[in-house]
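Got a protein model open and wondering where all those labels come from? Let's go through some of them and check each one against its definition.

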Amino acid sequence: MNTDLTSNLNALNDAQKAPTLHKDGPLIVIAGAGSGKTRVLTFRIAYLMSQGVDPFSILALTFTNKAAREMKERIGELVGASEAKNLWMGTFHSVFARILRAEADKLGFPSNFTIYDTQDSDRLIASIIKEMGLDKDIYKYKQVRGRISAFKNSLITVKAYYNDPDLQEADAMSRRPEMGAIYKEYVDRCFKAGAMDFDDLLLRTNELLNRFPDVLAKYQERFRYLLVDEYQDTNHSQYLIVRALADRYQNICVVGDDAQSIYAFRGANINNILNFQKDYPDVSLYRLEQNYRSTKTIVNAANSIISHNKNKIDKVVWTSNDQGAPIQINRLITDAEEGRYVASSIFEFKMQEQRKNADFAILYRTNAQSRAMEDALRKRDIPYRIYGGLSFYQRKEIKDVLAYLRLLVNPKDEESLKRIINYPPRGIGQTTVDKLVVASKKHNLSLFETLDRAKELEVPMNAGTLTKLTDFATMIKRFQIENESLNAFEITDLVTKKIGLVQELKKEATPEGIARIENIEELLNGIRDFTEGQKELADTTGSLTEFLEDVSLATDADRDNDPNSDRVSLMTIHLAKGLEFPYVYIVGMEEDLFPSAMSMNTRSELEEERRLFYVALTRAEQRAFLSYTLSRYRWGKLIDAEPSRFIEEIDPKYVHHIKPKEEYHYKPLVNTSIFGEPAKIERTPREKEKTISSPTPSQLKKLRRIDSHESSSEIESSIELKEGMEVEHARFGSGVVERIEGDRNNKKAVIAFQGFGKKNLLLRFAKLKIK
DNA sequence: TGCACCGATGTTTTT
DNA sequence: CATCGGTGCA
């Protein structure tokens with residue numbers, strides 16, 4: 001065995017070593033948060049390779065592409081990068097998209113099939129509803145899409161739907177008797193367009209493995225060792241794929257934590273992990289319960305939260321780490337103030353404890369909450385990076401360019417065609433498109449083919465329009481020919497130049513237009529990097545098809561161009577899974593927001609929200625901060641809020657309620673630290689709530705007005721401080737200015753405080769009072 | 001057919 | 001508060 005590997009293996013604890021060294025046969029690792037789950041997976045793969053297992057026969061399914069990449073890197077460090085390269089690692093979606101490309105013809109799909117994203121699906125469903133003449137208020141496309149997605153994830157095909165009277169009745173009962181018809185039309189249209197949506201990538205893989213035993217056998221042979229990370233978040237469709245592939249050799253290793261199952265809304269079935277032992281009677285079960293990540297306070301507080309759930313595997317996560325600081329709970333008036341509090345707090349910790357920006361994360365339940373945080377961070381010049389939300393590839397201008405590329409790779413792609421047929425405007429309007437759709441149905445041709453042959457098919461339209469159609473078709477066909485001899489970057493460059501999109505945006509000369517041009521340039525850079533990167537890999541060609549697949553399955557977290565830059569991370573709790581940060585702020589701890597109003601109807605929904613909170617809290621290594629507001633902007637209106645029930649569920653011995661300082665709001669010129677005196681806690685937060693005077697509605701209005709003004713810190717920046725001055729700091733008490741350095745916004749002062757020693761404070765933000 | 005404007009409408013979470 | 005779809009006019 002590689003000596004590096006041996007010495008590294010010795011660094012594992014016994015509980016980690018056991019599953020790592022388990023060679024053949026099924027095993028399940030129930031791993032508590034922060035217990036070294038990823039380590040076990042990486043070492044296990046490295047160990048298998050050291051035992052002579054061919055890397056080509058190992059398939060590891062991870063939850064994100066990023067996780068796969070990082071794991072591959074770490075394995076590369078253990079066994080050598082060239083060997084590690086041959087491992088198959090990725091998300092279910094990306095791995096099986098590749099397999100489906102190779103086998104597409106068996107299912108009647110072109111090998112360069114398009115992957116429809118959620119937006120494509122929505123548009124298609126909306127147009128089907130419209131074409132069928134259904135009431136769009138009853139058939140809401142998002143609900144319909146959700147229903148179809150649920151069917152697919154449970155492997156209910158159109159045929160199965162029609163064979164199941166219960167399903168049909170359920171839809172009829174909810175006044176949607178045409179659900180099956182929409183489902184059928186949607187599937188047909190996707191097929192005709194040579195397109196698969198996200199769910200199809202799994203459903204069609206199942207179809208492939210079920211219908212073609214030889215194909216199944218091929219991949220069973222190929223992937224003799226299977227590893228699945230985050231197994232608690234697999235849905236039924238994924239579960240069946242794994243079971244089918246593992247059936248022959250039973251070398252299946254799944255790792256997960258039932259307490260961190262947070263994807264039920266997209267079909268994840270927690271029973272997959274709860275019942276794993278039933279599926280594989282010979283299974284070895286390993287538990288990792290020692291947490292290496294967090295303080296005792298955080299681990300125990302998290303345990304106290306999850307104990308409120310009924311449906312779980314019993315385990316005790318523990319740690320030998322220090323006790324650590326209590327979890328701070330802050331009450332703020334508005335969401336804007338919450339942002340300011342977080343920014344101030346981060347700032348103070350940076351100064352006092354010499355922390356980097358990257359040591360901090362702000363986690364929230366919904367993407368919309370990021371705005372208040374961004375505003376506050378910007379005001380304090382704290383660099384940050386947002387993950388998720390509207391991802392780069394979902395921006396309009398990017399989707400427009402990509403639509404051209406998708407269309408020339410797969411001319412049957414109806415959604416892409418509709419998107420760009422008149423963008424930039426070329427005089428082909430809705431009426432024409434509608435006529436083409438009708439004709440394409442009549443002749444059973446794709447939309448592009450119909451358009452291309454509009455004349456011979458005698459689609460009724462005037463000569464001018466016909467010419468425009470021909471011009472468009474000619475342009476696309478020219479791109480197709482060019483594409484044969486160009487790589488992904490060159491063809492994209494050509495297309496963006498030829499369609500005149502950039503010129504169009506330049507003409508606008510608006511800030512948004514400029515930003516869009518920059519985005520398109522960034523896209524081009526991204527494609528160049530991609531083609532360069534692919535040159536080194538033997539099994540790929542750097543073709544447009546591959547790039548488009550990468551793009552459609554990439555998440556924003558994958559597009560991290562400078563992972564080393566020092567920034568505060570902002571993301572939803574869902575995206576934070578698997579990550580860790582020294583300091584974690586969990587904001588918006590309010591009823592109806594977290595837990596979400598949509599998830600309080602059933603016990604299981606509420607339990608999932610609670611697991612989500614568990615995930616959030618266990619991201620923290622050293623300190624966690626919770627905050628809630630009394631009112632927050634939602635749909636542009638100020639809504640009253642109530643503290644989340646989850647706050648009360650934490651064992652009170654681990655929390656510390658920060659007493660709200662009203663002066664902070666009423667007199668922004670007075671320098672008060674947001675960290676006031678520790679509140680004495682004998683009561684639950686909700687009881688306490690009553691004793692602390694809540695602002696009256698008119699006061700609230702006044703607060704809001706102050707709130708919308710400049711933050712107090714900016715006003716303070718004008719204070720002229722000189723050496724030798726005596727000052728008062730809300731936290732450090734009184735002190736003497738020893739030295740002033742820096743200029744303008746970055747003016748700093750070294751101040752000797754009594755009892756706290758010397759501190760270097762940035763004047764712009766330090767809350768100082770001159771004595 | 002294209003564009004500017006208006007009102008309705010909706011927000012969980014993501015591959 | 002955004003975005004979307006619909007409407008009405010050039």
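Q: Where does serine 644 sit?
A: Serine 644 is in the loop between strand S16 (637–640) and helix H31 (645–649). Helices (H or I, at least four residues) and strands (E, at least two) are DSSP runs, numbered from the N terminus. As for the ground rules, this is a predicted model, where local features need pLDDT of at least 70 and side-chain atom pairs count only at pLDDT 80 or more, while totals for chains, interfaces and linings use all residues. Residues are numbered from 1 along each chain as its sequence is written, chains are lettered from A and ligands numbered from 1 in the order in which they are written, and side-chain values use heavy atoms, with hydrogens and water left out.

Q: Why is serine 644 called buried?
A: Buried means under 20% relative accessible area, exposed means over 50%, and partly exposed is in between (1.4 Å probe, protein chains only). Serine 644 has a relative accessible area of 1%, so it counts as buried.

Q: What makes polar contacts with the side chain of serine 644?
A: A polar contact is a pair of N or O atoms within 3.5 Å; within protein, one must be able to donate a hydrogen and the other to accept it, and residues adjacent in sequence count only if both atoms are side-chain atoms. The backbone oxygen of phenylalanine 594 is 2.8 Å from a polar atom of that side chain. The backbone nitrogen of phenylalanine 646 is 3.0 Å from a polar atom of the serine 644 side chain.

Q: Which residues does the cis bond with omega of about -5° join?
A: Tyrosine 423 and proline 424. You'll find proline 424 in the loop between helix H21 (414–420) and helix H22 (430–443).

Q: What is the phi of leucine 155, and of glutamine 354?
A: Leucine 155 has a phi near 60°, a positive value in a residue other than glycine. For glutamine 354 phi is near 50°, again positive in a residue other than glycine. Most residues other than glycine have a negative phi. Leucine 155 is in the loop between helix H8 (141–153) and helix H9 (158–162), and glutamine 354 is in the loop between helix H18 (335–353) and strand S10 (360–364).

Q: What caps the N-terminal end of H14?
A: Asparagine 235 does: a side-chain oxygen lies 3.1 Å from the backbone nitrogen of serine 237.

Q: Why is threonine 450 called buried?
A: Its relative accessibility is 0%, so threonine 450 counts as buried. Threonine 450 belongs to helix H23 (residues 447–452).

Q: What does threonine 450 touch?
A: Contact means heavy atoms within 4.5 Å. Leaving aside neighbours within four places in sequence, threonine 450 is in contact with Leu436, Ala439, Ser440, Leu445 and Leu457. A polar atom of its side chain also lies 2.6 Å from the backbone oxygen of serine 446.

Q: What makes a nonpolar core, and how many residues has the largest?
A: A nonpolar core is a set of buried Ala, Val, Leu, Ile, Met, Phe, Trp, Tyr and Cys residues joined through side-chain atoms within 4.5 Å. The largest has 52 residues, and Leu402 and Phe472 are among those with the most contacts inside it. Helix H20 (residues 396–409) gives the most to this core, with nine residues.

Q: Which residues are around DNA strand C?
A: Lys130, Arg371, Trp635 and Gly636. A residue is near a strand if one of its heavy atoms lies within 4 Å of it. An N or O atom in the side chain of arginine 371 is 2.3 Å from a phosphate oxygen of DNA strand C.
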